[in-house]
Amino acid sequence: MWKEQGTAQIQGGNYVGNVSHFSFWNCDLPIEMVRFEATVMSSEGITLANAKVKITNKLYSVSAYDYTNAHGKVVGYIPKNANLLLEIFIPDCNLLVYSQDFSTTNSEVIMNSIIVTIPPGNLINISGTIVSCTNNIVKNGYIVLNINNFTKFIKASSNGNFVSSFAVCNAPISLNIIAHDADKKVFGINNGVTLNAGNNNLGPLTACGNISSQYIEWSSTVNGIKTSYTITDPLGLFVGGYNDVGLNDFTEINGTDTISQQVGISFAFDGSPSLSGNHYLKYYADHLDHDLLNDTTYSYINSIIPVILSKYDSVGGKIEGSFNGTILGLNIPIRNVKCTFRLTRDQI
């Protein structure tokens, strides 16, 4: 069974595409793996975003790499019982700034803090605050930066403040920054800024004026305790559309948080691909109750749960709606789930 995570297109004789994580796994090289996690920090103690982390299997001279996220973290799978080389680079010029040999056993490898010394002229620190249209603090916000064709997300704290560092080959640099409000599902204008080496305080950035095109928002209540989650553009990976499979036609919707890669939801409902007729939840799953990537079983529905649709466009348009009902799970015996969603239809 395969789960699609991306696509690639031919560019100049090569297939080029983006992946959500790195791995040594390959279908013609069945090597056993262990989980790897590391957090990269500057010598000032700030997590380092957009650093290129490369790991080489010294026995086979085979390498894989990924880039640290906004929290300086990188996660993937590496060969077990192997001698490996860890290297960290400034990505746009491939300048090596850290190197370490290490070995794996049968257990996962977690490197909580790798301290990397970046030359002062190559390190940019940014800070600022996200505010609403009425100049109130945005409690669940983030900013999006485009750095040398890399898109990076920086989560703000509950008081609206954000801080991050990243390395560049040449400063100053010019880039675009957009502030987002995940709760209200809106974002602000594209702010063009010039950043110098050292500290850069961006001041207040306004998140308002534009509506996020895709989101899935849901809550799960167990024994009166409620937890809530939101996946919204551009932090989310969304897949949704109509599956024409004969008598069991249904609409399937999936959402994954691309920052954490640990928050996700998957559900389907029956009925025609339109607002007409009745639509009922067919299956449901989220990260709270099982592994969405590897588990093929699903929580099941305890009652008839209508899916109320407000939009069901043709491919390229939007599917929008909500549902509310009781779910019986694998590890969570019973819970109430409320969900609202809007995403682009990408299937027939």
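This is a predicted model: local features need pLDDT of at least 70, side-chain atom pairs count only at pLDDT 80 or more; totals for chains, interfaces and linings use all residues.
**The chain as a whole**

The protein chain has 348 residues, and 45% of them are buried. It contains 30 strands and zero helices. If contacts between residues at least 6 apart in sequence are taken, 58% of these join residues at least 24 apart. The accessible surface of the chain comes to about 17,500 Å², and carbon and sulfur atoms account for 50% of that area.

**The disulfides**

A disulfide is a covalent bond between the sulfur atoms of two cysteines. A search of the whole structure finds two of them. Counting bonded cysteines along the chain, the pattern is 1-3, 2-4. The table sets out both pairs.

| Pair | S to S | Torsion about the S-S bond | Hand |
|---|---|---|---|
| Cysteine 93 and cysteine 169 | 1.5 Å | about -90 degrees | left-handed |
| Cysteine 133 and cysteine 208 | 1.9 Å | about 125 degrees | right-handed |

Where in the chain do cysteine 93 and cysteine 169 lie? Cysteine 93 is in the loop between β9 (83-90) and β10 (95-103), while cysteine 169 is in the loop between β15 (161-167) and β16 (173-181). Cysteine 93 has a relative accessibility of 40% and counts as partly exposed, because partly exposed covers the range between the buried limit of 20% and the exposed limit of 50%. Cysteine 169 is buried, at 14%.

The other disulfide joins cysteine 133 to cysteine 208. With a relative accessible area of 53%, cysteine 133 is exposed, because exposed means over 50%.

**Isoleucine 216**

Isoleucine 216 belongs to strand β21, which spans residues 215-222. Is this residue buried or exposed? Its relative accessible area is 0%, so isoleucine 216 is buried.

Leaving aside residues up to four places away in sequence, isoleucine 216 touches a set of residues that includes Tyr229, Ile231, Phe238, Ile253, Ile265 and Phe341. Cys339 is also among the residues it touches, and cysteine 339 is itself buried, with a relative accessible area of 2%. Serine 322 is 106 residues from isoleucine 216 in sequence, yet their C-alpha atoms are 9.5 Å apart in space.

Terms used:
Residues are numbered from 1 along each chain as its sequence is written. Side-chain values use heavy atoms; hydrogens and water are left out. Helices (H or I, at least four residues) and strands (E, at least two) are DSSP runs, numbered from the N terminus. Buried means under 20% relative accessible area, exposed over 50%, partly exposed in between (1.4 Å probe, protein chains only). Contact means heavy atoms within 4.5 Å. Accessible areas come from the Shrake-Rupley method with a 1.4 Å probe; for residues, only the protein chains shown count as cover. A disulfide is a pair of cysteine sulfur atoms within 2.5 Å.
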